[in-house]
Amino acid sequence: MSGGTSQDVAIRGNTVTRIIIHVVLFLFAVYYLLPLWVMLVNSVKPLDEIRGGNMIATPQHWTFEPWLQAWSQAQIGVQATGLKPYFLNSIMMVVPAVAISTILGALNGYVLTKWRFKGDGIVFAMLLLSCFIPFQIVLIPMARVLGVLGLAGTIPGLVLVHVVYGLGFTTLFFRNYYAAFPTELIRAAQIDGAGFFRIFFRILLPSSAPIIVVSVIWQFTNIWNDFLFGASFSDVDSVPMTVALNNLVNSSTGVKEYNVHFAGAILAALPTLIVYVLSGRYFVRGLMAGAVKG
Amino acid sequence: MIDRLQQWLPRLVLAPSFIVILLFVYGFIAYTGVLSFTDSKMLASYDFVGFENYAKLFGLTNWKTALVNLAIFATLYIVICSVVGLLIAILLDQKIRAEGLLRPIYLYPMALSFIVTGTAWKWFLDPGIGLENIMHLWGWDSFSFTWIKDRDFAIYTLVIAAVWQSSGFVMAMFLAGLRGVDNEIIRAAQIDGATGIRIYTRIIVPMMRPVFLSAFVVLMHLAIKVYDLVIAMTGGGPGRATEMPATFMYSYTFTRNQMGIGATSAVIMLMMIFAIVVPYVYSELSRGGRR
């Protein structure tokens, strides 16, 4: 999709047709922006204005109180800590998990394309298939293994889980990328006496920036947005952001503070949204590669 | 010596990943498979009961509900995403100057967590403060939209949110496909006097068959896995009206202490996904090999 030159226009319409096309596209844009708009405007409204007023109207009285509430005061679980500690939990989980899975994926992709050996196809097929498994199939044994390893309910435990189930994707990215890299260069370097790691660090890695970006974005988005593993394997002090947000929205007793919920939802969405805005092209590339192209 | 090391180094580098995948993916699948033949309740047990859990599972009303819901959800989700995705892609492909602005708007939901999406749609579709209320304020007093509270219709609100989240991605897939169509084909058709819409329905859309297939596989496996969205939007309710296989597995395993049944449902989910994905991945890989 990136940089594709536009086709000849097949629908050779007159002005009216083109206006209709633009209107339809505009309406779709409204549909996609609507929930974001709803979250934004209602996160800066006092609660009575949401209950008594129009949900898609801009606020009459602006207030940033819901944001403060969501960030540092709202009651989540037993404590009134706001989402802040959970946001930090997510960061501490995401950063190592993304780094480790990307590094391993790069090395795997390198081996699977440039140092092929008998049976490597099976290894790759196993990694590839692991991308699709429904995680329900690993929940029960994973809970036990984390317990045995002493990692139950800890952030390192969650990092391990996310690394394991991200490996298939990162390996796929790097394998497909390195497959297009001229093998002659590798052979030439070998003849010059360069070893396995030297070739990787001196020849392949310097030209890997685009695929590293794709892999990091993909992993970051998936791990940050994960809910199932967070809900299954976290404990009081390792709960990630998505799980905390869900607790805030769905288990709040008494008055439903919609404005705080919306502010919290935006806080949970912000990191991935920022990554998306900064790197839309790479984000799409990751999506497409994740849609499996062998 | 060093040569030997160099020879084994690639395998050594790959080994940790291989072992981890072998144990944590395939070993775990095998373990869950074993559990599905036992009478495990709160804790794992190794008293084998044959296919009892499978027979029991398919007798459970909740599981039947989950399967029916999955069928409804998956069908609508896949069909609507494909139609909307294809439509937007075709319209965007008409040399729209604002494409650079519109495309990211259609795609950004993919960057969001289903928990965020669920929260936004949950309150927007809430009759008390959301869409229904808005229509009433605009003077359409008879407008009623209580699907999310309605046992028979709540499943469709999940479709609305899920389509919102994924259709932009399908659009991107189709757009990539459309951009790959040879210009000559279009020109030849135009010379033959074919009109725009006919060129699409007769020539271009049929050429998109591989994209339809990819979209189907991706969306289908997302549909079978859908969990967060249900939890965030309806919590499986009202009642158990929006139960899905994923929520069923979780509640039977971890809250109802029926681990044997939970494991069985996970095995069924895996088989559903593999039935779709394995042939697809296999054909993609063998086609890649021939290239």
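Chain B has a mean pLDDT of 88, and 98% of its residues reach 70 or more. pLDDT is the predictor's confidence in each residue, from 0 to 100. This is a predicted model: local features need pLDDT of at least 70, side-chain atom pairs count only at pLDDT 80 or more, and totals for chains, interfaces and linings use all residues. Residues are numbered from 1 along each chain as its sequence is written, chains are lettered from A and ligands numbered from 1 in the order in which they are written, and side-chain values use heavy atoms, with hydrogens and water left out.

**Confidence**

- The model scores ipTM 0.88 and pTM 0.89.
- Among the elements of chain B, helix 3 (residues 61-92) has the highest mean pLDDT, 94. Helix 8 (residues 183-191) of chain B has the lowest, 82.
- Where pLDDT is low, the predicted coordinates should not be read in detail.

**Annotated domain in chain B**

- An unreviewed UniProt entry places the feature "domain: ABC transmembrane type-1" at residues 67-282 of chain B. UniProt positions are given in the numbering used here, feature names are shortened, and annotations may be inferred rather than shown by experiment.
- Over residues 67-282, chain B is 73% helix and 0% strand. The end C-alpha atoms of this stretch are 27 Å apart.
- Helices (H or I, at least four residues) and strands (E, at least two) are DSSP runs, numbered from the N terminus.

**Salt bridges**

- The structure holds eight salt bridges over all chains. A salt bridge is a side-chain nitrogen of Lys or Arg within 4 Å of a carboxyl oxygen of Asp or Glu.
- B:D93 pairs with B:R179, with the closest N and O atoms 2.7 Å apart. The pair links distant parts of the chain, 86 residues apart. B:D93 sits in the loop between helix 3 and helix 4 (99-107) of chain B, and B:R179 in helix 7 (residues 154-179) of chain B. Both B:D93 and B:R179 are buried. Buried means under 20% relative accessible area, exposed over 50%, and partly exposed in between (1.4 Å probe, protein chains only).
- B:K149 and B:D126 meet in a salt bridge at 3.7 Å, N to O. B:K149 lies in the loop between helix 6 (131-137) and helix 7 of chain B, and B:D126 in the loop between helix 5 (114-124) and helix 6 of chain B, so the pair ties together parts 23 residues apart in sequence. B:K149 is exposed at 55% relative accessible area, whereas B:D126 is buried at 8%.
- Salt bridges that share partners join B:D93, B:E99, B:R103 and B:R179 into one network.
- B:K56 bridges to B:E52, with the closest N and O atoms 4.0 Å apart. The two residues are separated by about one helical turn, because B:K56 and B:E52 are four residues apart in helix 2 (residues 52-57) of chain B. B:K56 is partly exposed at 38%, and B:E52 is partly exposed at 41%.

**A buried serine**

- B:S251 lies in helix 12 (residues 245-255) of chain B. B:S251 is buried, with a relative accessible area of 13%.
- The side chain of B:S251 reaches the backbone oxygen of B:F248 at 3.3 Å.

**Nonpolar surface on chain A**

- A:I19, A:V23, A:F26, A:L27 and A:V30 form a nonpolar surface patch, with about 470 Å² of accessible area together. Patches are made of residues with over 30% relative accessible area and no salt bridge: like charges are joined within 9 Å, nonpolar side chains (Val, Leu, Ile, Met, Phe, Trp, Tyr) within 5 Å. Accessible areas come from the Shrake-Rupley method with a 1.4 Å probe; for residues, only the protein chains shown count as cover.
- A:I19 is found in helix 1 (residues 15-42) of chain A. At 49% relative accessibility, A:I19 is partly exposed.

Key. Polar contact = N/O pair within 3.5 Å; in protein donor to acceptor, adjacent residues only side chain to side chain.
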